[in-house]
Amino acid sequence: MPERKLTYQSLEHKSDSGFFVEAPSLQRLYIDSASALTDLMVKLDQISDEEKMTLSVEAENKEQLLVKWLNEILFLFEKHKFLSKRIVFNHFDGKKISASLFGEKYNPIKHGHVSEIKAVTYHQLELGMKSQPEHVFYAKVFLDL
């Protein structure tokens with residue numbers, strides 16, 4: 001899938017924090033959601049894409065898949081200190097993702113402070129599609145900080 005400029009909106013609601021993202025396809029929505037999550041931790045423009053990791057996730061529905069997918073992105077950082085800059089889906093069907101992630105290991109000198117995110121939650125999660133002139137998929141995701 002071709003690269004495009006990531007745009008998302010940070011969300012603050014009472015004690016909650018998260019993001020809202022829109023994309024032209026469901027597949028792109030999952031990729032952009034992972035990129036927004038990473039960008040909230042460490043700015044994407046500070047990450048190179050020289051290392052590769054693979055990731056597979058399965059769930060019963062699109063909402064569960066999104067939450068599991070994003071939590072696996074967090075787990076890669078927690079376990080391997082891996083930050084993804086670019087994501088390529090090898091398989092995506094709304095219930096399973098198989099992906100190649102290109103990025104690098106966290107380096108405190110290069111990347112600076114990491115904003116800690118404990119988990120992606122189901123609280124106030126929204127995933128859907130709007131019909132504007134064209135179909136636009138959207139996700140509203142809140143995080144446990």
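Trainee: Which side chain does K110 meet in a salt bridge?

Mentor: Look for a salt bridge, meaning a side-chain nitrogen of Lys or Arg within 4 Å of a carboxyl oxygen of Asp or Glu. In this predicted model, side-chain atom pairs count only at pLDDT 80 or more, local features need pLDDT of at least 70, and totals for chains, interfaces and linings use all residues. Residues are numbered from 1 along each chain as its sequence is written, and side-chain values use heavy atoms, with hydrogens and water left out. The N to O distance is 2.7 Å, and the partner of K110 is E104.

Trainee: Is E104 buried or exposed?

Mentor: Buried means under 20% relative accessible area, exposed over 50% and partly exposed in between (1.4 Å probe, protein chains only). K110 is partly exposed at 40%. E104 has a relative accessible area of 11%, so by that cut-off E104 is buried.

Trainee: Which residue forms a salt bridge with E126, and why does the pair tie parts together?

Mentor: The closest N and O atoms of this pair are 3.4 Å apart, and the partner is K140. E126 lies in strand β7 (residues 126–131) and K140 in strand β8 (residues 135–144), so the pair ties together parts 14 residues apart in sequence. Helices (H or I, at least four residues) and strands (E, at least two) are DSSP runs, numbered from the N terminus. E126 is partly exposed at 34% relative accessible area, and so is K140, at 24%.

Trainee: How many residues apart in sequence are the parts that D49 and R86 tie together?

Mentor: The side chains of D49 and R86 meet in a salt bridge at 3.1 Å, N to O. D49 sits in the loop between α1 (26–41) and β3 (51–58), and R86 in strand β4, so the parts they tie together are separated in sequence by 37 residues.

Trainee: What are the relative accessible areas of D49 and R86?

Mentor: Both count as partly exposed. D49 comes out at 31%, and R86 at 24%.

Trainee: How many salt bridges does the count come to?

Mentor: Side chains of opposite charge can pair when their charged atoms come close. With the 4 Å rule applied, the count comes to six.

Trainee: Where does G94 lie, and which residues does G94 touch?

Mentor: G94 lies in the loop between β4 (82–92) and β5 (96–105), and is buried, with a relative accessible area of 3%. Its C-alpha atom is 8.8 Å from that of E60, 34 residues away along the chain. Counting contacts as heavy atoms within 4.5 Å and leaving out residues up to four places away in sequence, G94 touches N61, K62 and L65.

Trainee: What percentage of the 145 residues do buried residues make up?

Mentor: Here the cut-off is again under 20% relative accessible area. Buried residues make up 46%.
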